[in-house]
Amino acid sequence: MHSSLVRRLSQERELEGHQGCVNAISWNSKGSLLISGSDDTHINVWSYSSRKLLHSIETGHSANIFCTKFVPETSDELVVSGAGDAEVRLFNLSRFSGRGLDDNAITPSALYQCHTGRVKKLAVEVGNPHVVWSASEDGTLRQHDFRQGSSCPPAGSSHQECRNILLDLRCGAKRSLADPPKQTLSLKSCDISSTRPHLLLVGGSDAFARLYDRRMLPPLTSCQKRMSPPPCVNYFCPLHLSEHGRSSLHLTHVTFSPNGEEVLLSYSGEHVYLMDVNHAGGRAMRYTVGDASKIMSFTPTLNGLELQPPIHDFLQTNIRVRGELGKCRMLVEIARNSLEEGKHPYYGIEACNEVLEGHLSGIGPMLRHECLCIRAALLLKRKWKNDAQMAIRDCYNARRIDSSSFRAHLYMSEALEQLCKYKEALDFAIAAQCLDPSNSVMAEKVENIKKHIAAAETEKNNKANDGGSRSEPRTGRVLSLSDIIYRSEANSDASQDGPRSEREDSDYDEEVEVDFHTSVPGDEGRDVEANFLHGSLNVRIHRRGDSARETVDANGSSGSPSSSSQNDRIPYQPETVIDMKQRYVGHCNVGTDIKQASFLGQRGDYIASGSDDGRWFIWEKQTGRLIKMLLGDEAGNVISIVNCVQCHPFDCVVATSGIDNTIKIWTPSASVPTIVSGGAAGPDTADVLEAMESNQKKLSRNREHSLSYELLERFHMHEFSEGSLRPFECAQS
């Protein structure tokens, strides 16, 4: 992979053979075969050299296939699949010997039915032909050893005693970093490091990815009793998302880099983030509870969290460094002109990213300070999702270089004001006013912030009074959807003003009853722009009594962790978390929870992700600079979404799939390098910025729909008659 090749990527071939959305694609280790799984419950195996379909397996799954893999060291004869029917199935391709393509029904070599939720991801270990791992929305990650048995009874059976749970995270989800794990962590993704296969990475229905060392995990257990989550090696989460407390924020994909030194996280309703694994002596940036508020609080002298790697010593006399310094000054000037002339902030931000991320070792503290302040101002002007949070990071680091920087204090105040943190904004505005007393604009700004604080206090008091009038006896109370939305907003407000322990946490103690009626056998009920189905949704949420907070299964086992009584006596100590080192923006991830973000190239120098606008995006890993946007899904009048992006293990070739029924193969075959490329219909002429702006609007709207999405996700977990909600499953998969 090289930027000159990446910019020439274009669609070479479209592989046809599925009759439903293609939810999973994966190469074999040699790169000679590609496997795919679909809503049509078939697994297809394709030849890389001929681009032709070799096998189509009728798997017997009763729901959408979400994941499929080749089992290593089996001459690519064993393949495994996981699906929405909570089953994991193993197939031997050698049984197709002598058969035609139409004769595609074979009995699985192994059938595992022990999961109780949809199986969303499978993992295999390089060099291990005997074991496959499955991550499910039931909160467990199971280890299936083909040598120990080829089947297991369905979950819930009286004789169900499969001792194959490697990770029990049914009490492992966290609302925020300060909260102890309580609820089921519905696993969405997992990965095993190819360089250190004892390391296991998982992500699911909260904001935190978790890294485990399989050598340190307890013995395999059964599902009869919920266990407390085992300690992990590392938590990963961007600092600004760690104390969000939003139940709809979750991961859709986690993966290791090719060398195992980094991890990539893709969030629903959010961006893609890169982190260091930080094994022995790594340079990853760590934080704990309170650090997010620390960087937003004014202190005259900074001696706290380091949000950027330290600047290396450099020699100004070095010819190479002097050349870099000249280039950096030119880029800073471009960014400054972008800010002063009112041009679109995007290009100025890209210039600053090139300086701060690509040439950090070649610039001095003053140029770095200048670049940080300019980027903060541009981020505040652009106002894409979490740009204000990124501006706060830049202002914090600028103040670490120069604690009396007027611009760092000014932009910090503006960023906090955008986040409605008016009290903290006032502190920085007053500090900026003290640094430049003659500035009349600052005096006016201070007064405006004081007015905002007064207005916010009035609104808060009114809400409190209104909330008191809404309260009713809890017994038998049936809440309306408006009540839920009101309480959700009230809790959101409280999250800005007080610690989590002071807020109502009643979301955990409710039961949801959902009735859904729609006449959508096809496309007529779908809103293309909003990705929603038209129909009637009836929601009834009952509060449980205190006596029902602990469930008991058919075998009499408690539904709560076995060690909860001891844990209740021990104060919860929040973990230390590894922070982001790069963010990748421009795409949109709200419509599906199987959307991948992947490393491209053998060294992983590029990052790629699908998007809800039918495109897929490629960024430079080090700087976060967008270098290619491609039109990858053309489902036409329904929805266009790219979910899967998988790079060939050796060649500069990428396979993508999504809501469309086909798989696209991309090669560097374009005659000229461009930043935009189209599919078979020809080049996409839409402006790059226009496409990214549209995606950012969708991400911002996602916050408004977060409650609806959460209810629909819970609703989707229920059982339905076969085929009754296939279009809905596809859109929400």
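Biologist: Where is cysteine 420?
Modeller: Cysteine 420 is in the loop between helix H7 (406–418) and helix H8 (422–435). Keep in mind that the model is predicted.
Biologist: What is phi of cysteine 420 near?
Modeller: Phi is near 65° there, a positive value in a residue other than glycine. Most residues other than glycine have a negative phi.
Biologist: And serine 75, what is its phi?
Modeller: Also positive, about 55°, although serine 75 is not a glycine. Serine 75 lies in the loop between strand E6 (65–70) and strand E7 (78–83).
Biologist: Is serine 75 buried or exposed?
Modeller: Exposed. Its relative accessible area is 65%, and the cut-off for exposed is over 50%.
Biologist: New topic. How many residues of H4 are buried?
Modeller: 12 of the 14, so H4 is largely enclosed by the rest of the structure. Among the buried ones are Tyr346, Ile349, Cys352 and Leu356. Glu350, Glu354 and Glu357 are buried too.
Biologist: What span should H4 have, and how far apart are its ends?
Modeller: Helix H4 (residues 345–358) should span 20 Å at 1.5 Å a residue. Its end C-alpha atoms are 19 Å apart, which agrees.
Biologist: Now the open sheet. What is the strand order?
Modeller: E30-E31-E32-E33-E37, 5 strands with mixed pairing. The edge strands are E30 (597–600) and E37 (676–677), each pairing on one side only.
Biologist: Do E30 and E31 pair in the parallel or antiparallel sense?
Modeller: Antiparallel, over 4 bridges, with E31 covering residues 606–610. Serine 598 has alanine 608 in E31 as its bridge partner.

Technical notes. Residues numbered from 1 in each chain as written. Predicted model: local features only at pLDDT ≥ 70, side-chain atom pairs only at ≥ 80, totals over all residues. Heavy atoms only, no water. Pairing = 2+ DSSP bridges. Helix = DSSP H or I, 4+ residues; strand = E, 2+ residues; numbered from the N terminus. Expected span 1.5 Å × (residues − 1). Buried < 20%, exposed > 50% of the residue type's maximum accessible area, 1.4 Å probe, protein only.
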